[in-house]
Amino acid sequence: MVKPIPRIGSRKNGRIGSRKNGRRIPKGVIHVQASFNNTIVTVTDVGGRVVSWSSAGACGFKGTRRGTPFAAQTAAGKAIRTVVDQGMQRAEVMIKGPGLGRDAALRAIRRSGILLSFVRDVTPMPHNGCRPPKKKTCVKIGTEDISRERNDSMI
Amino acid sequence: MPHLLVHHQLYLHQQPLSPSSLSLSLTHLHRRTSFANNLCDSCSITTGISQHLMTPLKNVRVLRPSALNSTTSIRCMANPRRVKMVAKQIRRELSDMLLTDKVLQYAVLPEVALGADRYLSSLTTISDVEVSSDLQVVKVYVSVFGDERGREVAIAGLKSKAKYVRSELGRRMKLRLTPEIRFIEDESLERGSRVIAILDKLKNEKKSVEDQDEGQSESSYPSEDDRDWDVDDPDEGIVYIK
């Protein structure tokens, strides 16, 4: 899906150095991957080439605090700040995974002044493909036991 | 189910017993002989006094903490760590169901049925799950992002599917008694977002007021010291292009 960038020997594109900073992208795509323990926000352009990213762990939160909605808010704010200066006005949001980061990051994006054109949910869904890992059985506590599925680690 | 009877009795009769409240006549236990001859008007269940003494006593015994044998109590409090683990597991299962289950998705977002290709008008998230200490009642706090109508549709759809969700949960998790599920709308995320927006606005206003003050003090002496201004303030020469 990524279109190759002609770099070597092409005069039309100008200096490679200016490619990194001088891109004016009026419209972009914001990917939010929200798992239970962390939230990663990546800003790309329409083709999918990454412009900037940030995550709850990168904002200084550690451990269980990375999964909180406040951490997701700060991560989204930080990722967008670099891009708003470059002049992005409209954005499409793609959300992946369960987790509190979904809602919180969306609200932060809307608050920052970027126009949200679309909100999509792109959680990977198999059409019954690979076999999921086996259910983990818990240690018996009292008279009942809970069997847990090991999920969400791949999302 | 004797279990249910307890709650019923609770609502009609119960006052938690403490040494100070023994003097209140609200309890229908009729332990004291002076009350033995009174007929309770509010007790709609029993008529005779002997019945009165028997049935509520036996059931109310459950919550009296003192002076009775613990062998007759039907207390079913689970280990708090276990309660937390069950809550976490229920949260995982419910989030998974919201993402994958077709029936639930149609209830929350009716346009999925039309094949909207995941262009959503509202986004539902489960923010918190609280389980009662006897693992019988589960309160699920749901936060919806979207406009007013989308929010109403989502919450109404979820509440209508509560029984279906309960049966699905029972199928996925192995518990002795599948708890009753209640969906509650959670506004805390939105409130937090509003507060932060207000704080940001205040910060920006303060900054712009400061800038204005600087601008006024600069413009009061435009004719004099032009050369000095160029040297001191590099910001003056910049023209902002939008």
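Modeller: Helices and strands here are DSSP runs, numbered from the N terminus. The model is predicted.

Biologist: In what order do the elements of chain A run from the N terminus on?

Modeller: The order is α-β-β-β-α-β-α-β-β-β. That comes to three helices and seven strands.

Biologist: Where in chain A is confidence lowest, and where is it highest?

Modeller: Read pLDDT as the predictor's confidence in each residue, from 0 to 100. In chain A, strand 7 (residues 147-149) is lowest, at a mean of 48. Strand 2 (residues 39-45) is highest, at 92. Over residues 139-153 of chain A the pLDDT is below 50. Beyond near neighbours in sequence, that stretch still has 36 contacts in the model. For chain A the mean is 78, and 72% of residues reach 70 or more.

Biologist: Which residues of helix 5 of chain B are buried?

Modeller: Start with the general idea. An α-helix has 3.6 residues a turn, so residues three or four places apart point the same way. Now the case. Buried in helix 5 of chain B are B:Gly150, B:Arg151, B:Ala154, B:Ile155, B:Gly157 and B:Leu158.

Biologist: Why do they line one face of the helix?

Modeller: Look down the axis of helix 5 of chain B: the buried residues fall within an arc of 160 degrees, so they line one face. The face turned away from that buried side carries exposed B:Arg149, B:Glu152 and B:Ser160.

Biologist: What span does helix 5 of chain B reach?

Modeller: Its 13 residues, 148-160, reach 18 Å from first C-alpha to last. That is close to the 18 Å expected at 1.5 Å a residue.

How values were computed:
Residues are numbered from 1 along each chain as its sequence is written. Chains are lettered from A and ligands numbered from 1 in the order in which they are written. This is a predicted model: local features need pLDDT of at least 70, side-chain atom pairs count only at pLDDT 80 or more; totals for chains, interfaces and linings use all residues. Side-chain values use heavy atoms; hydrogens and water are left out. Helices (H or I, at least four residues) and strands (E, at least two) are DSSP runs, numbered from the N terminus. Contact means heavy atoms within 4.5 Å. The expected span of a helix is 1.5 Å times one less than its number of residues. Buried means under 20% relative accessible area, exposed over 50%, partly exposed in between (1.4 Å probe, protein chains only). The arc is that of the directions from the helix axis to the C-beta atoms.
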